[in-house]
Structures are given as C-alpha cells and as structure tokens.
Amino acid sequence: MSSQTTLSPLPRTLVVGASSGIGRCLARQLLARGCEVIAVARRGALLEDLRGSAGAARLHLRVCDTSSSEEVNALSNELRARGLPPELLILNAGIGRLEECSEISVRGHRAVFEVNYFGPLRWVESWLEPQVPRSFVAVSSLMAFFSSAGASAYGASKAALSSAFESLALSHATQGQRFVLVHPGPVDTAMLKSPRPLPFTWSPERAAERILDGIFAGRPQIDFCWPYTWVAKGFRLLPARARRALLARK
Ligand SMILES: NC(=O)c1ccc[n+]([C@@H]2O[C@H](COP(=O)([O-])OP(=O)(O)OC[C@H]3O[C@@H](n4cnc5c(N)ncnc54)[C@H](OP(=O)(O)O)[C@@H]3O)[C@@H](O)[C@H]2O)c1
C-alpha cells in the first residue's frame, strides 16, 4: 500500500509535547488547517494557552507524562472509550542537554531514553492495531546521523528512535500503517540552549509547517534545516580520524 493513501485530509491528530516549541506550533497549525487535535504534555498550564488558537473548538487537552507506560495506557484507553482514537500521532516530545566532559551516567542516559526513545514506542505499542490505518510520526533529530561532543545520551536516543522507526516502516509497509521520520536541525526553541546564536536556525513555526507539509504530501522522511542536513549526513561519510579532528571538544 502506498504511503500517500493512508491519511485522510483532516485526520484527528495526537501531538505529544504540545506545550512549547515545535509541538505547540504543530498543534496550532493543525487546528488552523481544520484538524481535531489532542494536545499532550506534562505542563497543563502551558497547554491551556492553546485554547486561544484559531479552531480551538476542535482541541482536546490532556496532561500525560510520555515516560510513564501507565499514563500513556490510561490516556489511550480514555481516548478509545470516548470515541477519540487518533489517526495521526506526532510523537514530538523530547529532552536533551549538553553533558559535562566528566559526566557519564547510566541513570542520565536512561532518563533521556525514557522520553526520547521509549516515549514514542509506548504510543506505537498502544495504537498499532492490525487493519487500522494509522500514521506514526517520530520527531528525531539530525543528530541521529552523527555524534557531537556532550550529546552522548541525546544523540544515542535519537539514533535508536530513527533506527526503530526505519525498521517498523519496513515491517508494516503493506498493512496501511505509516511510520514517518522527522530529522530537524537547529530550531529556535527552549531546547536549543546554544551558547552562541547558530546560523541558519529555523523558527518553530517554519519547522512545524515543513513537518505538516511533508506528512500530508506522504513523505516517509522529513529532514531540515539546510545546510545542517548536508553537513550531518556528510560527516558520516568522512573517515573517523577526520570526523573526530573536526568535531572534538576543544
Ligand atoms: N530545537 C531543536 O533545535 C531541535 C533539533 C532537533 C530535534 N528537536 C526535537 O524536536 C522535538 C521538540 O523539541 P523542541 O525543540 O520544540 O523543544 P521544547 O520546546 O523543549 O519542547 C519539548 C516538548 O516535549 C515535551 N515533553 C518533554 N518531556 C515530556 C514528557 N516526559 N512527557 C510529555 N511531554 C514531554 C515538553 O512538554 P512538558 O515539559 O510540558 O511535558 C514540550 O512540549 C524534540 O523531540 C527535540 O528533540 C529539536
């Protein structure tokens, strides 16, 4: 089955991580496009701001921690019981921070994986049903393609997420299920706490628009922002010695 045939024009959409940044813009733009939106995050007060958006009559707000299987299952059951199953799930919640040189901690890695990797997987586990066409979109990162200093947990979690979604897309290619990968470069949100302004950084509004246009065009993978897309993939092609010389923390 082709990936274009599985999504209706106005799918009921669940956006995880909708309280700020890219997710909030995704929720706003989906409402403006006419979709019904289930906006999910932990900070309910920030979710409430979405009530001021155009089309908010089609908005459902839910507080849920994506790192908790109990909370994800409880919300999924509630949505089923209320007749609100999503057709499109945008699994956008993520955490990450720059690690100190001396820092390596299994607990820290596990905490990042609980949100960035197991988080999306929990929603897939809850909603992957045979014969039910559904689209799962994982917001990964260009850092899935290469490692930079101070990002061992974040980069690993995004590489694992991209690898898992790539495999799921292959496994479910003929069953009406769609698995879409998004690899953003730097986007101006709370997560991008860069010590100096990065050139070619996108606004979260622009990022959300690119993601939605890609999803509705049936793209299997949506990568932005140029030139980071090329640089990230190009680094992988370099010999390890050259890559390390260029990227090592000075
Ligand atoms: N900004 C960038 O440069 C960039 C680049 C590449 C990829 N990305 C990816 O883009 C996605 C969105 O990030 P952003 O840049 O928009 O950052 P952001 O503004 O910090 O947004 C992160 C969102 O994730 C939610 N979240 C975090 N932990 C959660 C949890 N345990 N349960 C439920 N929701 C949780 C947050 O909501 P609550 O805190 O209210 O729960 C928030 O809505 C992330 O996956 C990030 O890795 C960002």
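## Start in the sheet

Select strand β1, residues 13–16, together with strand β4, residues 88–91: the two run parallel and are joined by four bridges. This is a predicted model.

Which way do its side chains point? Leu88 and Ile90 point one way, Leu89 and Leu91 the other way, and all are buried.

Leu91 is partnered in β5 by Ala138.

## The whole sheet

Colour the strands and step back. In what order do the seven strands lie? The order is β3-β2-β1-β4-β5-β6-β7, in an open sheet with parallel pairing. Select β3 (59–63) and β7 (221–224) to see the edges; each has a single partner strand, so one side of each is left without a neighbour in the sheet. From one strand to the next, the twist averages 15°.

## The nonpolar cores

Select Val15, Leu26 and Ala39. These have the most contacts inside the largest nonpolar core, which has 50 residues. Helix α1 supplies the largest share of this core, with six residues.

Centre the view on Val15. Leaving aside neighbours within four places in sequence, Val15 is in contact with Gly23, Leu26, Ala27, Val37, Ala39, Val40, Ile90 and Asn92. Ile90 is one of the buried β4 residues from the opening stop.

A second, separate core holds eight residues; among them are Met143, Ala144, Phe145 and Tyr154. In soluble globular proteins, nonpolar side chains tend to be buried together.

## Around the ligand

Display the ligand and select the residues around it. Of the 31 in this shell, Gly17, Gly21, Arg42, Arg43 and Gly94 come nearest. How many of the shell residues are nonpolar, polar and charged? The shell divides into 16 nonpolar, 12 polar and three charged residues. Helix α1, residues 21–33, gives the most to the shell, with three residues.

Most residues other than glycine have a negative phi, and most peptide bonds are trans. The last selections depart from this pattern.

Go to the loop between β7 and α8 (228–237), where Cys225 is found. The peptide bond joining Phe224 and Cys225 is cis, with omega about 15°. Pro227 is in the loop between β7 and α8 as well, and the bond from Trp226 to Pro227 is cis too, with omega near 0°.

Then select Gln131, in the loop between α5 (118–127) and β5. Gln131 is not a glycine, yet its phi is positive, near 70°. Is Gln131 buried or exposed? Gln131 counts as exposed because it has 7 C-beta neighbours inside 10 Å.

Finish at Phe200, in the loop between β6 and α7. Phe200 has a positive phi of about 65°, although it is not a glycine. With 12 other C-beta atoms within 10 Å, Phe200 is exposed.

Notes
Residues numbered from 1 in each chain as written. Predicted model: local features only at pLDDT ≥ 70, side-chain atom pairs only at ≥ 80, totals over all residues. Pairing = 2+ DSSP bridges. Axes fitted to C-alpha atoms, helices over the stretch in contact; angles between N-to-C directions. Near = placed C-beta within 6 Å. Nonpolar A, V, L, I, M, F, W, Y, C, P; charged D, E, K, R; others polar. Core = buried A, V, L, I, M, F, W, Y, C linked by C-beta atoms within 7 Å. Buried ≥ 20, exposed ≤ 12 C-beta atoms within 10 Å, placed from the backbone. Contact = placed C-beta atoms within 7 Å.
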